[in-house]
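Okay, everyone, thanks for coming.

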Amino acid sequence: MILADQNDEQSLPLEPVEIQEIRTEYYPHQCESNSIGNLLQVASTVYSGAVPVGDEAFQAIQRLGVRTIISVDGMPPNVELASKYGLKYVHLPHGYDGISKQRAMELAKAVRTVEPPIFIHCHHGLHRSPAAAATACVIAGIISPDQAAKVLRIAGTDANYRGLFQSVHDAKKVDPRELDDLEVVFSERVELPKLTREMVSMDELFEQLKLLINANEITEPKSTVWVEGRHKALLLRESYTELVRSSELSDYSDRFRELLIEGERLTTDLEEAIDGHDNDIGQGRILSGLNRLTGNCKSCHQEFRDVPLAKK
């Protein structure tokens, strides 16, 4: 259930956080923030963006006046840090393949009933959260379908996520009484299937590893960054190994298993490239290994994760 309101004295005194809005005559519009990635104002009391990380990001959200955060990401929300700044969390995750009708209605009810202003986030704030915000706001009668389409354009949502575009396209305003009658128990953190949790964790590890490699920060053997990169590659490889062994795979196709086995092999190759031979690090070999693993991930996502719900 949603946490009770925090007492005013529990909110910490904060220094102003620099947020400059790029104002337009109508919503939606982009906002610039040093602390919140891909910040977008969808409506007067609804924002969309990337997952808040650390005190500075939650301070920035609080300075926007936000009272409730809605996460559509699979990662467990940082409820404790949000509470520190008097913010409540609602967890309504959905995938890249689109937003089911039931989840769309739940999002719309949340937008209609939780304490505003509201900040909706996924991981990067580019795809799922703009689609969720646009869909919910149309159903709740807050924005028009034309404005919803503009939300995706401004956010830069990848057109390959056809299910997300379809969800926004299909969204229609409903009678407010229909949302009022919808019975939903909002939770601040929901439990996801093991396979989904593992994939979320692996995605996070892979993003961190890519940042290190693309910044050319894995340089001297035994340096702190080298050790960190080596460790993340090890954790990623172990995650693949555990998934390949998982009994849950019996519910999936042979092709899905093949891609996971290939991913395990490619991650092992990347781990060895980072480790190097006789501590002689070859950045070219590391980049090549990263590119091959990225290609494997994209193939798997295109064939299984990103297929629109209507085609599954």
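So, Tyr252, Phe256 and Phe304 come together as one aromatic cluster. Keep in mind that what you're looking at is a predicted model. Counting ring pairs with centres within 6.5 Å, we get three aromatic pairs.

Let's take one of them, Phe256 with Phe304. How are the two rings arranged, stacked or edge-to-face? Their centres sit 5.2 Å apart and the planes meet at 65°. Anything over 60 degrees goes down as edge-to-face, so that's what we call this pair.

Now, where do these two come from in the chain? Phe256 belongs to helix α10, residues 254-275, and Phe304 to helix α11, residues 283-305. They're 48 residues apart, so this pair links distant parts of the chain.

And how about burial? Phe256 has 5% relative accessibility, so Phe256 is buried.

Staying with aromatic rings for a second, have a look at Tyr96: Arg305 lies over its face, 3.6 Å from the ring centre.

Okay, over to helix α6, which covers residues 162-170. Which residues are buried there? That would be Gly163, Leu164, Ser167 and Val168. If you look down the axis of α6, those buried residues fall within an arc of 140°, so they line one face of the helix. And what do they pack against? Two other helices, α4 (128-139) and α5 (145-155).

That's my tour, happy to take questions.

Terms used:
Residues are numbered from 1 along each chain as its sequence is written. This is a predicted model: local features need pLDDT of at least 70, side-chain atom pairs count only at pLDDT 80 or more; totals for chains, interfaces and linings use all residues. Side-chain values use heavy atoms; hydrogens and water are left out. Rings of Phe, Tyr and Trp (its six-membered ring) pair if their centres lie within 6.5 Å; planes under 30 degrees apart count as stacked, over 60 as edge-to-face and the rest as tilted. Helices (H or I, at least four residues) and strands (E, at least two) are DSSP runs, numbered from the N terminus. Buried means under 20% relative accessible area, exposed over 50%, partly exposed in between (1.4 Å probe, protein chains only). A charge sits over a ring if NZ of Lys or CZ of Arg is within 6 Å of the ring centre and within 35 degrees of the ring normal. The arc is that of the directions from the helix axis to the C-beta atoms. Contact means heavy atoms within 4.5 Å.
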